[in-house]
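I record here what I looked up in this structure, entry by entry.

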Amino acid sequence: MSYDLLIVGSGSAGVAAALEAASRGAKAAVVEGGVLGGTCVNVGCVPSKALLRAAEAFHKAGHHPFQGIQTQAGRVELERVIRQKDDLVGSLRQEKYAEVLKAAGVSLIQGQARFLDGETLEVNGQAYKARRYLLATGAVPTLPPIPGLAESQPWTYLEALSPDTQPKSLLVIGGGPIGLEIAQAYARLGTRVTVLEATPYLLPAEDPELSTLLRGYLEAEGLSVHSGVRVQQVERDGEFRIHTHGGVYRAERLLVATGRKARTEGLNLEAAGVGLGPRGEIQVDEYLRSSNPRIFAAGDAAGLLQFVYVAAQSGRIAARNALGEVEALELQAVPRVTFTDPALATVGLTEEEARGRYGSAIRVSRLPLGQLPKSMAQHDHRGLFKLVVNAEGVVLGLSILAPEAGDALQEAVLAVKFGLHYRDLIDTFHPYLTLAEGIRLVAQALDTEVGMLSCCA
């Protein structure tokens, strides 16, 4: 069995690569040893956001800012919430993966893959040959080396998104995007939630000013948040007991959300001459080629930024290069969104990063959400726009803390990618009473006092 491109992994990187190869007339196949679709559709983006939306609907039924409108939250039937989420996942897996691959003429080979040598891949005892190979096997959650943690059998996001029952209390180790999203969802559904973060701030990759504001909003909803906390030991005897230098925390369930590592075990990459990095990721060059020139890698398996859109783009570029092109993966303006409510969306440099790179030769403006007409109409002032430009006024970065912040970020992605001046943002039409209007207003705030801006002019 021979192919132009044989792809291991059917997540976003693998499927994007397969469709790219097929569009170029190449004979391609995808090998999958588990469930078709990879992390995003099965156990990542789709199910987590479905759970978040369900929790948001329940929360807003009991909490809204409008006078004269009486609503109330009933009760949560979590098993039905999970069943609807699973139905959505199943339909997307069939319609957007299985049927799309079939329509493109890409074969799907079910089974565990391992290299016999640098030119041959074995799947369930059958040997396959290809001109080029692409590894897109994704990543798996990891547990930090804390005494007693693994033995206590905590949740990772895998279990948290498909629980048997709703816990009365939940401890979350890790204040990053995954931990906070799941923490808020469970808290809004009625679970008592405590978040423990080792660093001084939640979302340590984000702007501390905005992450501090977000922490306040989460605490106002009833979440208990503790930063600068190092977990020393975990015990479980009916309940979880998490020992820290500051005390002991107890809960019915424990979620560990401290990171993911590349899924490369079992591929026998040493036999294929493929080098690995310190966390098991496949080492690739800027063209996504491994140390074996016949073998490429993309997505989480290659140690790239763990976003589904980065995985998909890297899969497309890896496929092009495997089929003879020479194109580097460009990661200059990668957006990131934490889908809490309010959400935190960022592209480019934060203020701290910009000062580290340019010193005092930057300018920063802020727009509190209470100054945005949309927020005034919605009586929801939670959030802040923060714009960073260089001394010449070129946009370096934008962070937005607001409900649905990710939906307004794309204009800033283009501004960072193409080096636009902040006046380009001011002179671009922005629909009134939208979140996107905040981009114009925060750009105007570089030259004008925010309180002196008209709501409509």
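Is Gln-153 buried or exposed? I count Gln-153 as exposed because its relative accessibility is 59%; buried means under 20% relative accessible area, exposed over 50%, and partly exposed in between, with a 1.4 Å probe and protein chains only.

**Basis.** I worked on a predicted model, in which local features need pLDDT of at least 70 and side-chain atom pairs count only at pLDDT 80 or more, whereas totals for chains, interfaces and linings use all residues. Residues are numbered from 1 along each chain as its sequence is written, and side-chain values use heavy atoms, with hydrogens and water left out.

**Backbone.** I noted that Gln-153, although not a glycine, has a positive phi of about 55 degrees. Gln-153 sits in the loop between β7 (139-141) and α5 (157-160); helices (H or I, at least four residues) and strands (E, at least two) are DSSP runs, numbered from the N terminus. Leu-203 also has a positive phi, near 45 degrees, and lies in the loop between β9 (192-197) and α7 (208-220). Leu-203 is buried, at a relative accessible area of 3%. I found a cis peptide bond from Asp-341 to Pro-342, with omega near 0 degrees; Pro-342 belongs to the loop between β17 and β18 (343-348).

**Sheet.** I traced an open sheet of five strands in the order β17-β18-β21-β20-β19, with antiparallel pairing; two strands pair if DSSP finds at least two bridges between them. Its edge strands are β17 (336-338) and β19 (362-368). Strands β20 (residues 384-390) and β21 (residues 395-402) pair over six bridges, and Lys-386 has Ser-399 in β21 as its bridge partner. Helix α14 (residues 437-444) packs on the sheet and touches β19, β20 and β21, contact being heavy atoms within 4.5 Å.

**Cysteines.** I found zero disulfides, a disulfide being a pair of cysteine sulfur atoms within 2.5 Å. Cys-40 counts as buried at 16% relative accessibility, whereas Cys-45 is partly exposed at 31%.

How values were computed
Axes are lines fitted to C-alpha atoms, for helices over the stretch in contact, and angles run from 0 to 180 degrees between N-to-C directions.
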